[in-house]
Amino acid sequence: MHTSGPGTDPAEMVTVRYWAGARAAAGVAEERLAGGSTGDDLVAHLSTAQSRPGLLAVLPVCSVLVGGRASSGGDQIAPGAVVEVLPPFAGG
């Protein structure tokens, strides 16, 4: 799994959107990564981003949605999918 760059086919990419505290920890609102892996693979990849140690702390408490549905982690993420990383929200 890698971020998009020259020579990367956009149709093979997954869009990852970060919300609230996950966005702050990632330092970006969204990014595009190579698709075709599982939710667990994606979270493991995001956890190894050495330039974003805050994301490593936030990810374990986040919900991961793939195409608007909660991911069980072992679910395959098809190229072109939208993945949303949502930390717990405080209500009021």
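Leaving aside its neighbours within four places in sequence, Leu46 is in contact with Val16, Tyr18, Glu31, Leu33, Arg52, Leu55 and Leu59, where contact means heavy atoms within 4.5 Å. This is a predicted model, in which local features need pLDDT of at least 70, side-chain atom pairs count only at pLDDT 80 or more, and totals for chains, interfaces and linings use all residues. Residues are numbered from 1 along each chain as its sequence is written, and side-chain values use heavy atoms, with hydrogens and water left out.

Leu46 also turns up in the largest nonpolar core, which has 19 residues; Leu46, Val16, Tyr18 and Val83 are those with the most contacts inside it. A nonpolar core here is a set of buried Ala, Val, Leu, Ile, Met, Phe, Trp, Tyr and Cys residues joined through side-chain atoms within 4.5 Å. Buried means under 20% relative accessible area, exposed over 50%, and partly exposed in between, using a 1.4 Å probe and protein chains only. The elements giving two or more residues to this core are strand 1, helix 1 (21–26), helix 2 (39–47), helix 3 (53–58), strand 4 and strand 7. Helices (H or I, at least four residues) and strands (E, at least two) are DSSP runs, numbered from the N terminus.

Now for the sheet. What is the order of the strands in the open sheet? The 5 strands line up as 2-1-7-4-5, with mixed pairing; two strands pair if DSSP finds at least two bridges between them. Strand 2 and strand 5 are the edges, each pairing on one side only. Helix 2 packs on the sheet and touches strand 1, strand 2, strand 4 and strand 7, and its direction makes about 115° with that of strand 2. That angle runs from 0 to 180 degrees between N-to-C directions, with axes fitted as lines to C-alpha atoms, for helices over the stretch in contact.

Here is how the neighbours pair up:

| Strands | Sense | Bridges |
|---|---|---|
| Strand 1 and strand 2 (residues 30–34) | antiparallel | 5 bridges |
| Strand 1 and strand 7 (residues 82–86) | parallel | 4 bridges |
| Strand 4 and strand 7 | antiparallel | 4 bridges |
| Strand 4 and strand 5 (residues 69–70) | antiparallel | 2 bridges |

Strand 1 (residues 13–18) is mostly covered, with 5 of its 6 residues buried. Arg17 stands opposite Glu30 in strand 2, and its bridge partner in strand 7 is Glu84. Thr15 sits in strand 1 too, and it counts as buried because its relative accessibility is 7%. Its side chain and that of Arg32 are joined by a polar contact of 2.7 Å. A polar contact is a pair of N or O atoms within 3.5 Å; within protein, one must be able to donate a hydrogen and the other to accept it, and residues adjacent in sequence count only if both atoms are side-chain atoms.

Val64 stands opposite Val85 in strand 7. Val66 has Val83 as its bridge partner in strand 7 and Arg69 in strand 5. Why does Val66 count as buried? Because its relative accessibility is 18%. Not counting residues up to four places away in sequence, Val66 touches Ser71, Ile77, Ala81, Val82 and Val83. The hairpin of strand 4 and strand 5 has 2 residues between the strands, and Gly67 there takes a positive phi near 60°.
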